[in-house]
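Hi everyone, thanks for coming. Let me put the model up on the screen, and then we'll walk through a few parts of it together.

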Amino acid sequence: MAKVQERKLNDLLITGDQTYSSIDSSVDRLILNQKLHGKGWNILFLIGISLTGLLGLSIFWLLYQGIGIWGNNVPSAWGFDIINFVWWIGIGHAGTLISAILLLMRQQWRNSINRFAEAMTIFAVMCAGLYPILHTGRPWNAYWLFPYPNILAMWPQFRSPLMWDVAAVSTYFSVSAVFWFVGLIPDFATLRDKSTNKYGKVIFATLAMGWRGSNQHWHRYEQMYLLLAGLSTPLVLSVHSIVSFDFAISIVPGWNVTVFPPYFVAGAVFAGFAMVMTWGIPIRKAYKLQHLITDRHIDWMCKITLATGLIVFYGYLLEIFYSWYSGNFYEFKLLMKTRFTGPYAPMYWLLIFCNGIAPQIFWIPKYRRNEKVIMFICFLISVGMWLERFVIIPMSLTNNYLPSSDKMYYPSFWDVAMFAGTMGLFITLMMLFIRFLPVINIFEVKDLFYKMGGKKEIVEEVGANS
Amino acid sequence: MAHDWSDPSGLWGLVGEFEKPEDLMKAAEAAKHKGFRKMDAYSPFPIHGLSEAIGFRDNRVPWTVFIFGITGVTIGYSLQYYTAVIDYPMNVGGRPLNSVPAFIPVAYEATILCAAFSAAIGMFVYNKLPKPYHPIFNTKNFDRATQDRFFLAVEAEDPAYDAKVIEKVMKENGAVEVSECDY
């Protein structure tokens with residue numbers, strides 16, 4: 001009996017012999033004990049900060065020279081900038097999915113992964129936001145995108161999907177940041193009370209804003225949290241739908257497809273979950289958090305990745321079907337001459353392999369628990385999702401209605417430098433986040449612990465029924 | 001009766017410390033039945049059913065969000081209507097000036113933006129946060145209220161305040177410590 005019990009418990013979301021304070025200290029020791037961060041942290045931070053320097057350099061050179069330093073050319077006016085914008089935005093989506101949609105669906109296992117997934121969202125949207133702003137060519141005039149009374153007596157064109165994009169992405173960033181910050185307040189209070197360092201105490205006391213865990217406060221806090229989740233859910237679905245409208249509203253072959261919005265959203269969640277695992281697995285290993293981010297979490301995330309991956313794959317198949325079924329010559333020509341064959345064909349087939357075929361390994365339970373396999377598949381998915389945007393953007397733009405559009409797109413050194421730079425920015429921000437903010441939502445994990453394991457009888461019930 | 005802040009001392013209330021959320025819940029329920037009203041519980045995480053046990057109800061946050069959501073959609077749509085129909089009419093592909101389908105995304109995002117910000121700001125305003133000082137922080141062991149202990153406080157301002165009765169109720173329901181808390 002005892003043995004069965006143990007196995008069931010290990011299958012739960014919090015393992016080992018835990019108490020409220022052991023949960024506290026397993027998370028906040030990352031902040032309160034700065035000596036915990038060793039060589040690995042230093043190396044990654046150094047890589048991140050160097051690449052961020054490269055980002056600064058490429059932005060400087062871009063502003064000095066103009067966007068001619070990029071590989072964008074006339075048929076392909078969108079290149080790496082928009083590919084990377086869509087890629088980063090997509091990565092962000094898993095954070096909101098985990099924090100909002102899973103909350104609404106009462107998937108309490110999200111409690112231990114939502115914090116760093118949300119952090120990832122915010123950092124990814126920051127990286128994404130750089131691209132369209134710099135792509136305007138004169139970023140100091142980027143405020144022209146917003147409606148404000150001006151002496152030119154002009155207003156933005158709200159019928160354009162690009163304006164919808166401005167509204168969607170800026171709203172998404174602001175709401176995600178608010179959601180993240182209010183989620184941190186009770187944890188700041190815990191850190192305030194546990195911190196022994198004078199500076200730590202002052203900083204966390206300021207951030208906690210006098211949070212005292214009052215029931216009246218929790219009451220309104222819970223109402224707000226649920227409402228924010230309810231508002232973020234349609235928001236996250238709308239953001240990537242609107243990003244896909246940038247393409248789907250136009251008449252460019254390969255873009256004018258009604259399947260784009262759902263397939264973009266699924267792709268975003270797919271890429272995002274892959275990124276959550278890419279960070280989650282090393283973090284839980286390096287900081288010994290396996291008792292809070294358990295194999296069960298990883299297993300479920302793999303399943304979501306598999307499910308969304310299948311939706312994405314269905315999108316690819318539907319694109320093939322529509323290009324034939326539409327009877328549109330240019331759509332069919334794009335499919336046969338640019339995607340299936342032609343100079344870019346290897347990228348298309350690599351995309352099908354990375355996003356369509358490789359994730360199918362998650363059907364086998366054994367591989368959903370094998371960290372090395374998961375990390376490798378997640379890497380393939382990130383590559384695949386990047387290729388998807390490459391297939392959509394330059395491949396359609398260089399195969400258009402006019403013969404004059406038949407031209408190749410090649411990225412320049414600065415395109416690659418800037419992409420590496422935003423990755424560096426992302427790594428830097430994540431590293432700082434791990435070191436100075438709680439990577440796991442402490443109060444929600446305690447709530448989960450109370451509901452699942454804090455009360456012994458419930459543990460036994462769950463153990464007996466599952 | 002508000003506290004006279006010119007007097008730095010004075011009794012704020014009686015605070016009981018509990019080890020388990022279940023005990024806190026029982027004590028809160030019992031104290032409510034004894035007729036105490038000015039009381040509040042303090043816990044490291046939200047406990048469902050505790051508001052009902054204490055007898056606390058407040059729906060101002062959801063209503064605020066609803067009102068600001070409506071405001072957001074109104075502002076979002078009328079901004080587009082004003083700019084595209086009244087102030088700067090421009091014929092785009094022969095579409096009507098008031099292009100309803102094309103105006104939905106921005107109106108929608110404006111709704112979400114207003115509603116989400118009002119939810120967060122509303123929570124702060126109604127909770128009277130930020131509040132750097134509160135008498136409850138003087139309670140012994142209170143730094144554990146954000147960690148692993150659960151507290152129930154009855155304020156001295158409660159008309160039914162009676163330290164002996166409160167202490168008895170708390171002790172009966174498993175309080176590990178009951179202490180007085182000063183301003």
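Let's start with one pair of residues: B:Phe18 sits opposite B:Ala175, which belongs to strand E4 of chain B. Before going on, a word on where this comes from. This is a predicted model, in which local features need pLDDT of at least 70, side-chain atom pairs count only at pLDDT 80 or more, and totals for chains, interfaces and linings use all residues. Residues are numbered from 1 along each chain as its sequence is written, while chains are lettered from A and ligands numbered from 1 in the order in which they are written. Helices (H or I, at least four residues) and strands (E, at least two) are DSSP runs, numbered from the N terminus.

Back to our strands. E1(B), residues 11–18, runs antiparallel to E4(B), and seven bridges join them; strands count as paired if DSSP finds at least two bridges between them. Both belong to an open sheet of four strands in the order E2-E3-E1-E4, with antiparallel pairing. At its edges are E2 (39–42) and E4 (175–182) of chain B, each pairing on one side only. From one strand to the next, the twist averages 20 degrees.

Across E1, E3 (150–155) and E4 of chain B lies helix H5(B), residues 163–172, at about 150 degrees to E4(B). Angles like that run from 0 to 180 degrees between N-to-C directions, with axes fitted to C-alpha atoms, for helices over the stretch in contact.

Now, how many residues of chain B are in contact with chain A? There are 53, facing 48 residues of chain A, where contact means C-beta atoms, placed from the backbone, within 7 Å. H4(B) gives the largest share of chain B's side, 16 residues.

Let's finish in chain A, with helix H11(A), residues 329–340. Which of its residues are buried? They are A:Glu331, A:Leu334, A:Leu335, A:Thr338 and A:Arg339. Buried means 20 or more other C-beta atoms within 10 Å of a residue's own, exposed means 12 or fewer, and partly exposed is in between, with C-beta atoms placed from the backbone. Just after H11(A), A:Gly342 takes a positive phi of about 100 degrees.

Methods. Two residues are in contact if their C-beta atoms, placed from the backbone, lie within 7 Å.
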